[in-house]
Amino acid sequence: MNLPKQWRLKGQRYRLEGQRHSDGRVRFPAQPAKLGEPQDAWQPYQLANTGELFSWTAQRSNRSEFDHEPIVIVGIIKLADGCLITAQLTDCEPSELQIGMAVEAVTRSWGKVGEDDLLVYGYKFRPQLID
Amino acid sequence: MRQPERPVGIVGYGAYVPRYRIAAQEIARVWAASEGALPITSKSVPGPDEDTITMAIEAGRNALKRAQIAPQQLAAVWVGSESHPYSVKPSGTIVAEALGTSRWISAADWEFACKAGTEALSAGMGLVGSGMADYVLAIGADTAQGRPGDALEYTAAAAAGALIVGPAQQALATIEATVSYVSDTPDFFRRADRPYPMHGNRFTGEPAYFHHVSTAAKQLLAELGRTAADYHYAVFHQPNVKFPQTVAKQVGFTPEQCQAGLLAGEIGNSYSAASMIGLCAVLDVAQAGDRILLASYGSGAGSDAYSLVVTEALVAARNLAPRTSAYLKRRQLIDYATYAKWRGKIVE
């Protein structure tokens, strides 16, 4: 189950927290400073939570934790701040997807771990809600 | 009647309704021996990756957008529900962490059947009204359970409503006063080890819902020296369409006053969220100066009633997050087999 690992990753999973370097580079997920690198070279940075669908694929043969979803759609999203992120798409069918369509981040269940069902939550993307 | 020393109001609000619906006719196709009158048209169904926590997070984010405050300004994140995903572990801390609040807050879960969310709202009025805090997020969210084939299965739905209580000067709608009325009434209950609740059929009506809601609403109006005619809108807890329409008539409201906040026909009974997203839907259309009566109901039993007045700030703020109608429009019907699979009704 590895409770400390699940706990340590919640910033990136819940809030898309990555890091931005003083020279403008962005990385996701956050990583510890490398040997010899100043500790403050990378600062916390929250990725944009909207973007457009850069690419996607539908997986129809999935691991057991996805057996409640016969089709799992995975997309690459070009975020509004220019970053590319890979994420599961939700609230949609493959027939509804078009490259370039507007998508937005939501927090959803990623599943359960361990025999006692620790619930894991994280980011997914869905077609942008039309008001 | 309770009125805080420091005037308070709703400074932000947000709704969430899942994309999926099952038609009442589809449930009747599987279970009903004859086609009788159905209590609603369809009900919302949480997707396979949704629960009370994920819905509360989205409603909370929408409320923060409208409040135009940073998550770190919240002093409390309180989640009312009867379907918290954990029996032991708060939903509130997960929601708070996802919203990005300070860790120096109160985060807790509330339980009072379908009025757990308004319990959090009343407590928020106390915290802000006493001056102990400036902003409190009160959420009502549920993925309600209904035994297969039971009358409850036609209506037990899913949604979340989030309200941020803050100083009246910043409010989109000020809260003039509130009352709470409760009694020990066993109309509906579920023990911790039981998957589905038990309800008392017709006993859930007259001595339970109607008595508590009408008593609370009438008492608030009487103490404020008002009648239903002084209000533009009324929102009552909505386990179906008929109950809120009937209690509205008992208190003196017309169907027109209740129409904007009556969502049960489309999405069913969203339990702790029901009256709160009804209020969200009203705030989506109300104008400055409009007066709103809100009365929740929780089995067990009790009702919280509130009198609100819309301010000039509402019209600009309502466009900062998706309106309730945006969630109602994205309607994807599913069949009973899919519903049964997603809701864990198929036993291996």
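What pattern does chain A follow, read along the sequence? Go on from there to the side of chain A that touches chain B.

Analyst: This is a predicted model. Read along the sequence, chain A runs α-α-β-β-β-β-β-β-β-β. That is two helices and eight strands. The C-alpha atoms of chain A fill a box of roughly 50 × 40 × 30 Å along the principal axes. Chain A has 131 residues, and 21% of them count as buried. Take the contacts in chain A with a separation of 6 or more: 51% of them come from residues 24 or more positions apart.

Now the side that touches chain B. Here 17 residues of chain A are in contact with 21 residues of chain B. Three elements of chain A each supply at least two residues to this side: helix H2 (10-15), strand S7 (102-113) and strand S8 (118-127). S7(A) gives the most, with four residues. By class, this side of chain A has six nonpolar, four polar and seven charged residues.

Next, the partner. Chain B is divided into domain 1 (8-172 + 316-332) and domain 2 (174-312). Their centres, taken over C-alpha atoms, are 16 Å apart. In this pairing, 51 residues of domain 1 of chain B are in contact with 43 residues of domain 2 of chain B. On the domain 1 side, the elements of chain B that give two or more residues are strands S1 (8-16), S3 (42-45), S6 (136-143) and S7 (158-167), together with helices H4 (116-129) and H11 (324-329). The residues on that side of domain 1 divide into 25 nonpolar, 18 polar and eight charged.

Last, the cores. The largest nonpolar core holds 119 residues. Within this core, Ile10(B), Val95(B), Leu137(B), Ile139(B) and Ile292(B) touch the most other members. Domain 1 and domain 2 of chain B each contribute at least three residues to this core. Take Ile292(B) as one example. Leaving out residues up to four places away in sequence, Ile292(B) touches Ala173(B), Tyr231(B), His232(B), Tyr233(B), Val235(B), Leu279(B), Val282(B), Ala286(B) and Leu308(B). Another core, of 14 residues, lies apart from the largest one. Among its members are Ala87(A), Ala105(A), Tyr123(A) and Phe125(A).

Definitions and conventions. Residues are numbered from 1 along each chain as its sequence is written. Chains are lettered from A and ligands numbered from 1 in the order in which they are written. This is a predicted model: local features need pLDDT of at least 70, side-chain atom pairs count only at pLDDT 80 or more; totals for chains, interfaces and linings use all residues. A residue is buried if 20 or more other C-beta atoms lie within 10 Å of its own, exposed if 12 or fewer, and partly exposed in between; C-beta atoms are placed from the backbone. Two residues are in contact if their C-beta atoms, placed from the backbone, lie within 7 Å. Ala, Val, Leu, Ile, Met, Phe, Trp, Tyr, Cys and Pro count as nonpolar, Asp, Glu, Lys and Arg as charged, and the others, Gly among them, as polar. A nonpolar core is a set of buried Ala, Val, Leu, Ile, Met, Phe, Trp, Tyr and Cys residues joined through C-beta atoms within 7 Å. Domain bounds come from an automatic or database domain assignment.
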